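My notes follow, in the order I looked things up.

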Amino acid sequence: MTKFTVNDRPVQYRLDPATPLLWALRDASNLTGTKYGCGNGDCGACMVVVDGEAIRSCLVSIAEVEGRYVTTIEALSRDRSHPVQQAFVAEQAVQCGFCTPGMIIAVSVLLRKNSDPSDAEIDAAIRNLCRCGTYPRVRAAIKRAGRVMRRQETIAAAPPPGISPEDAAKNVPALTPPE
């Protein structure tokens, strides 16, 4: 039995220790925000935080995270108030959304270490692939989230905490049914 902590909760998996962390999170824990993209570590859709470092969960077995702390997109901010989440919405860096959880995880780790990264530091840290090509907006979101983390700016782009998905849809014209 493999034991570690996921989103501040102790877990025990009765799975083959060679099972990729990605599949344990998605299939055994129903944490589906972590996406399967390529399965070989190229895309970054499966990014999670392990002991403070962004890692691609498709490349790590559950045996390798024994006794460690794992954070998924679901625990980054339950109320969508994390500066990176807010900045991604404000800068319209979310298009299809498939790569977004992995990018947000990677960006949150980068900005926790350095809230004012250079373009070269962003390029080195954020190697996630986006089929929609939102890279200029992602870079703008990273810069904006950094300013928020440095308390140079505030934003409230995503629906406020406590709002239901139905009420949030009312605030998004594209999701509002015609009258």
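**What covers helix 1**

I began with what lies over the buried residues of helix 1: the cover includes strand 1, strand 2, strand 3 (47-50), strand 4 (53-56) and strand 5. Contact here means heavy atoms within 4.5 Å. The helix itself spans residues 21-28, and its buried residues are Leu 21, Leu 22, Ala 24 and Leu 25. I took buried as under 20% relative accessible area, exposed as over 50% and partly exposed as in between, with a 1.4 Å probe and protein chains only. Helices (H or I, at least four residues) and strands (E, at least two) are DSSP runs, numbered from the N terminus. After helix 1 I found Asn 30, with a positive phi near 60°.

**Ground rules**

I am working from a predicted model, where local features need pLDDT of at least 70 and side-chain atom pairs count only at pLDDT 80 or more, while totals for chains, interfaces and linings use all residues. Residues are numbered from 1 along each chain as its sequence is written, and side-chain values use heavy atoms, with hydrogens and water left out.

Next I traced the strand order: 5 strands form an open sheet, 2-1-5-3-4, with mixed pairing. Strand 2 and strand 4 each have a single partner strand and stand at the edges, so one side of each has no neighbour in the sheet. Two strands pair if DSSP finds at least two bridges between them.

I then went through the pairs.
- Strand 1 and strand 2 (residues 9-13) run antiparallel, joined by 5 bridges, and Thr 5 stands opposite Pro 10.
- Their hairpin has 2 residues between the strands, and Asn 7 takes a positive phi near 50° there.
- Strand 1 and strand 5 (residues 69-71) run parallel with 2 bridges; Val 6 stands opposite Val 70.
- Strand 3 and strand 4 run antiparallel with 4 bridges, and Val 48 stands opposite Ile 55.

I also checked how enclosed strand 1 (residues 2-6) is: 4 of its 5 residues are buried, so the rest of the structure largely encloses it.

**Thr 72**

Is Thr 72 buried or exposed? It counts as buried, at 0% relative accessibility. I placed Thr 72 in the loop between strand 5 and helix 2 (73-76). Its side chain makes a polar contact of 2.6 Å with that of Glu 74. (A polar contact is a pair of N or O atoms within 3.5 Å; within protein, one must be able to donate a hydrogen and the other to accept it, and residues adjacent in sequence count only if both atoms are side-chain atoms.) Leaving aside neighbours within four places in sequence, Thr 72 is in contact with residues including Val 6, Asn 7, Leu 25 and Ile 105.
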